[in-house]
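Please examine the sequence and the three-dimensional model shown below.

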Amino acid sequence: MKEIDADIVNKVNALRKALHRHNYLYYVLDNPEVSDAEYDRMMRELTALEEAWPELYDPDSPTSRIGAPPLSEFETIAHSIPMLSLGNAFTDSETIDFDRRVRKILRTDDEILYTVEPKLDGLAVELVYEKGKLIVASTRGDGINGEVITANVRTIRSVPLLLQDTGKRNIPLRLEVRGEVFISHEGFRSLNEEQLSQKLSPFANPRNAAAGSLRQLDSSITAKRPLEIFFYGVGETDLRLKSHWETLQTLQELGLRINPLIRQEITIEKAVDYYKALEDKRHLLPYDIDGMVIKVDALSLQTKLGSTSRSPRWAIAYKFKAMQETTRVLNIDVQVGRTGVLTPVAHLQPVNVGGAMVRRATLHNEDEIERKDIRIGDTVLVQRAGDVIPEVVKVIESKRTGVERIFHMPLNCPVCGSIVIRAKGETATRCINATCLAQLKERIKHFSSKGAFDIDGLGDKLVEQLVDKGLLASYADIFHLDAVKIEGMERMGARSAEKLVLSIEKSKKIKFNCFLYALGIRHVGEHVAKILASEFKSLDNLLDATATQIGAVEGVGSVIAESVVNFFKQNTNREVISRILDSNVCILFQAGEKERTLENKVFVLTGTLKDLTRNQAKEMIEAAGGKVSGSVGRKTDYLVAGSSPGSKLNMAKDLGVEIIDQATLQKMLSL
Ligand code: 5U1
């Protein structure tokens, strides 16, 4: 056997320690100290050392998040303290009643202080740490017994395999900690993109995606899913704690991620106010929440209040308005997308779902309509989840009267009249006329959308008019629009036209990944575009790459690779690209490692920049290794101030942060 050099052991230990810390800084404190590239380098170095020295295997190494052999079924485990569910309140007065009940049981007229937190729409889990090591993780199950999903939970990046030792307090001998596993909207989008590119069915909503991912018998599949966690409470533990707030702070200190929107020790009236603020903010959050949990803060009072067999008397979930409602399908028509796919859409009797009027819902495709047996005239359950398009969950069959009509997919494109085709083995029906105006409109909307050219002011209605009037016949025409042409459109004043011309001008500086995404290549969503851009670095490299080379990139399978190569093979597509580039469009290619001139520098942006959107500035800074923060603080290196700067400018002056303008930023980026 090879003798292991002490230097190697020290190096491995140092890397493990550093990577555990960087995981904590990144996932728990949301405040990384090193760039992604530096983190990846350390991870690669550790992996290489562990491969060379298998004797140094440690199941808790930051590298060991995957690899447990698949299970044939889940074992079950009893929770030492039952995982109860929560009682619900739906109105302010029910919440006030809850507070009244609490005070009545405690026989007090004193104000009770509560800690409140968003209620994530995910799956409850319990993790057990012994002497700081993650030993077992289980689902809530029936509250008494859960399924053991340790291998799966270990793959979640925000779950520490070892508790963080800050030296401030002793690591508990035992800590049962509870939290909610979820998938963010962004994660959901990229997961479904991936599912579709593998010809697999997309998940209906982030919750289903999280549930499906967590209950995989093969943990290597879970490892590829963008699962996240927020912790919210403890079961059995030897930690000595006095309040729920202190519990949460302790969890955070131990490296367990808590939700940043928790509010501490507030009265029931303030809790009701905060509920309203949270409900207003709900659609802006990057993940789904379905309410707010209100908990009596003092643990001594929680103990006095106790629990019923189902739920604790010291907590309640104040739920948001339902995101599901019943309504009627008035009609079904068909929309033609940018790739020619015909999507059936239900026109609904307008219904208020969670505060927003819903008039239409996607029915996805012909098979989906058949599977759910949705007919015109049916009463259906519709659902809105996050920023996902509303959809029909199911038909309420008991409401059928016999007059409902079965929908048939049209044989011709409803826009251009060409025949439509449904290929064998595919769910999609397509219009195959490449000059179909509906496709052109959708392609242009996609091209100018956020994440692509991000042209502020070029809305859907305007694109439709411009195409109908023959002013936009291809992408490049966008860059030849002038204020006079735009002003001729309905509801376009001189000011809006001028503003749009400016946004078009700004959009001409575009990051490579956004450019690739804008082209609307089949299976190349934002996520895949980022992978391709960072791997191939330039358009020429990608144009020269073979399907085998593209397919070999991690995260890009053969289906995507074929699609990319086919796209670039077509002369019409190459001509489209040339015309775009001839319109003074400048693709910003990602800096290589050497060119990461802003490595670890923290920037804050304020005001309007002359000819960059904030998103563009942010992406350029990040491409050069810098970070962009939302607020000025001690760690800020530069404040980039445009016209009409906000309060951040004064804050930066107070803290002595260097203030720069766009020109200086561009010099730093060497543009
Ligand atoms: N945020 C949060 N979610 N959640 C769910 N806190 C919380 N607490 C729960 C549950 C079921 O239960 C404890 C109050 C027992």
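This is a predicted model: local features need pLDDT of at least 70, side-chain atom pairs count only at pLDDT 80 or more; totals for chains, interfaces and linings use all residues.

Residues are numbered from 1 along each chain as its sequence is written, and side-chain values use heavy atoms, with hydrogens and water left out.

Helices (H or I, at least four residues) and strands (E, at least two) are DSSP runs, numbered from the N terminus. Two strands are said to pair if DSSP finds at least two bridges between them. Five strands form an open sheet with mixed pairing, in the order β2-β11-β10-β3-β9. At its edges stand β2 (88–89) and β9 (263–266); each has a single partner strand, so one side of each is left without a neighbour in the sheet.

Strand β3 (residues 114–120) runs antiparallel to β9 and is joined to it by two bridges. With β10, strand β3 also pairs in the antiparallel sense, here over seven bridges. Val-116 illustrates both pairings: it stands opposite Arg-263 in β9, and its bridge partner in β10 is Ile-294. How much of β3 is buried? Seven of the seven residues of β3 are buried, and the strand is thus mostly covered. In this description, buried means under 20% relative accessible area, exposed means over 50%, and partly exposed lies in between (1.4 Å probe, protein chains only).

Helix α3 (residues 92–105) lies across β2, β3, β10 (289–296) and β11 (315–319), and runs at about 175 degrees to β11. Helix α8 (residues 244–253) packs on the sheet and touches β3, β9 and β10, its direction making about 55 degrees with that of β3. Contact here means heavy atoms within 4.5 Å. Axes are lines fitted to C-alpha atoms, for helices over the stretch in contact, and angles run from 0 to 180 degrees between N-to-C directions.

Attention now turns to charged side chains. A salt bridge is a side-chain nitrogen of Lys or Arg within 4 Å of a carboxyl oxygen of Asp or Glu; a search of the whole structure finds 36 of them. One of these joins Lys-11 and Glu-45, at 3.6 Å from N to O. This pair links distant parts of the chain, since Lys-11 lies in helix α1 (residues 6–28) and Glu-45 in helix α2 (residues 36–52), 34 residues apart. Lys-11 counts as partly exposed at 38% relative accessibility, and Glu-45 is likewise partly exposed at 27%.

A second salt bridge connects Asp-367 with Arg-422, whose closest N and O atoms are 2.9 Å apart. Here too distant parts of the chain are linked: Asp-367 belongs to helix α11 (residues 366–372), and Arg-422 to the loop between β17 and β18 (430–431), 55 residues apart. Asp-367 is partly exposed at 32% relative accessibility, as is Arg-422 at 35%.

A further salt bridge is formed by Lys-508 and Glu-505, with 3.3 Å between the closest N and O atoms. Elsewhere, salt bridges that share partners join Lys-11, Glu-38, Arg-41 and Glu-45 into one network.

Another lysine, Lys-506, lies in helix α15 (residues 494–507). Lys-506 is buried, with a relative accessible area of 16%. Apart from neighbours within four places in sequence, its contacts are Thr-608, Leu-609, Lys-610, Asp-611, Leu-612, Thr-613 and Gln-616.

Gly-557 occupies the loop between α19 (547–551) and α20 (558–569) and is partly exposed, with a relative accessible area of 26%. Which separation divides the C-alpha atoms of Gly-557 and Gln-198? They are separated by 7.8 Å, although the two residues are 359 residues apart along the chain.
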